[in-house]
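Here's a quick tour for anyone opening this structure for the first time.

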Amino acid sequence: MLKTSHIVLFILTVTVLLIPNTLAYPINITDNLGCTVTIEKTPIRIVSLSPCNTEILFAVGAGDRVVAGTTYDTYPPEAVNLSKIGGFSSVNIEAVVNMSPDLVLAEDGNGLDTINALKSLDLKVVTLNPKTMDDILENIRLVGNITGNDDTAESLTADMTQQIGNITDMTEDIPNNRKPRVLYIVWHEPMYAAGAGSYPDDLIQMAGGNNIIQAQGWPVISIEDVVDKNPQIIICSGMGGGSYTIMEAITGNQVLAQTDAVKNNKVYPADDPNTIELAGPRIVQGLAELHGYIEPNMQPDSNATSDISSTPGFGMILALGMILMVYSKRER
């Protein structure tokens, strides 16, 4: 009997260790829309309504509980095989309901009508809407907390913070007159560019560049405006190999040939636009890529070439030189 009790106790112990920690629940969180949401227990069936949300869920260790995502979910590779609930801005509400989720991780870009419709069906909805790199880090911690993966989320964000710091420590004190002018475009006919408030804009600044587009969001810009602002670096970003298509269109344009970027062969295709444009864990890779384009094109530091007169010992050398010159004249 005692032996049987030990076996039962062992099984219960192993079971508790394997099941996500439920002792912290219920928890109250505030999402990015300012809504308070109570999470009563560990979410087991999660529906993600955006590619970056899916990446975060997998990165914090909750990927095995994601039962559905959008048609745009391509990373990690396992996300491709998830059941689909439509597109990012065209969520099929019926498909979401059919998945019987105990958590829907939405994004502001899904639209308030969609988000409110899901809430009206008594679904547990948490909405993310990051604006800055700090917001992205905080959202990763939030998702880790909701899913019972705090430790993994903390470790991930600590590593991301280190990678960010490795770059910003080198760039934060660089004066504007040394920073190259950068244009980040996502299409060429018409020309769409990353403006103020976009993730590429944030990353360009962190990487040590000046974004020439000051309009908010993703404005359409004219070729004449580009020539007038004269970017020194142009970064072309297009999904599915589109980066090279855009680059060829830019480098082959006779008007844009007047810009320093085209003249000096500083037009670059983005390796993977998702690492720059999606608010997920891989955004640090995007930051590193942009820094790789920008850093070699920074203007020389005028203060780095020191005046020889300020060199230690210069006064002594000058004095000795004058003495020798006087002595030489006397000898003559």
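Where is the place of Asn-230? Asn-230 sits in the loop between helix H8 (223–229) and strand E12 (233–236). Keep in mind that this is a predicted model. With that said, here's the overall picture, followed by some spots to look at.

**The whole chain**

- The protein chain has 13 helices and 13 strands.
- It runs to 332 residues, and 45% of them count as buried.
- Take the contacts between residues at least 6 apart in sequence: 59% of those join residues at least 24 apart.

**Two asparagines with a positive phi**

- Back to Asn-230: its phi is positive, about 50°, although it isn't a glycine.
- Asn-230 counts as buried because its relative accessible area is 18%, and the cut-off for buried is under 20%.
- Asn-265 isn't a glycine either, yet its phi is positive at about 55°.
- You'll find Asn-265 in the loop between helix H10 (260–263) and strand E13 (267–269).
- Is Asn-265 buried or exposed? Asn-265 counts as exposed, since its relative accessibility is 65% and the exposed class begins over 50%.

**One more asparagine, in another loop**

- Asn-253 is in the loop between helix H9 (242–251) and H10.
- At 21% relative accessibility, Asn-253 counts as partly exposed.
- Asn-253 and Ile-223 are 30 residues apart along the chain, and their C-alpha atoms are separated by 9.6 Å.

**Helix H5**

- Helix H5 covers residues 133–146, which makes 14 residues.
- From first C-alpha to last, H5 reaches 20 Å, close to the 20 Å expected at 1.5 Å a residue.
- Its buried residues are Met-133, Ile-136, Leu-137, Asn-139, Ile-140, Leu-142, Val-143, Gly-144 and Ile-146.
- Just after H5 comes Gly-148, with a positive phi of about 80°.

**Helix H7**

- Why is helix H7 (residues 199–206) described as largely enclosed by the rest of the structure? The reason is that six of its eight residues are buried.
- Those buried residues are Tyr-199, Pro-200, Asp-201, Leu-203, Ile-204 and Met-206.
- What covers them includes H5, helix H6 (150–171), strand E8, strand E10 (210–211), H11 and helix H12 (283–294).
- After H7 comes Gly-208, and its phi is positive, near 105°.

**Two cis peptide bonds**

- The peptide bond from Tyr-75 to Pro-76 is cis, with omega near -5°.
- Pro-76 belongs to the loop between strand E4 (66–69) and strand E5 (83–84).
- Glu-189 and Pro-190 are also joined by a cis peptide bond, with omega about -5°.
- Pro-190 is in the loop between strand E8 (181–188) and strand E9 (191–193).

**The largest pocket**

- The largest pocket has a volume of about 830 Å³.
- Its lining is made up of 29 residues, and those nearest its centre are Phe-88, Glu-107, Trp-218, Glu-277 and Leu-278.
- H2 and helix H11 (274–277) each supply at least two residues of that lining.
- The largest share, three residues, comes from H2.
- Sorted by class, the pocket lining has 13 nonpolar, 10 polar and six charged residues.

**The largest cavity**

- How many cavities of 30 Å³ or more are there? The count comes to one.
- The largest cavity holds about 30 Å³ of space.
- Its lining consists of Cys-52, Asn-53, Ile-56, Glu-107, Leu-128, Pro-130, Asn-139 and Ala-279.
- By class, the cavity lining divides into five nonpolar residues, two polar and one charged.
- Helix H2 (residues 51–59) gives the largest share of this lining, three residues.

Terms used
Residues numbered from 1 in each chain as written. Predicted model: local features only at pLDDT ≥ 70, side-chain atom pairs only at ≥ 80, totals over all residues. Heavy atoms only, no water. Helix = DSSP H or I, 4+ residues; strand = E, 2+ residues; numbered from the N terminus. Buried < 20%, exposed > 50% of the residue type's maximum accessible area, 1.4 Å probe, protein only. Contact = heavy atoms within 4.5 Å. Expected span 1.5 Å × (residues − 1). 1 Å grid on protein atoms, 1.4 Å probe; cavity = no way out; pocket = protein on both sides within 12 Å on 5 of 7 lines; lining within 4 Å. Points joined across faces, edges and corners; volume = space filled by probe spheres on them. Nonpolar A, V, L, I, M, F, W, Y, C, P; charged D, E, K, R; others polar.
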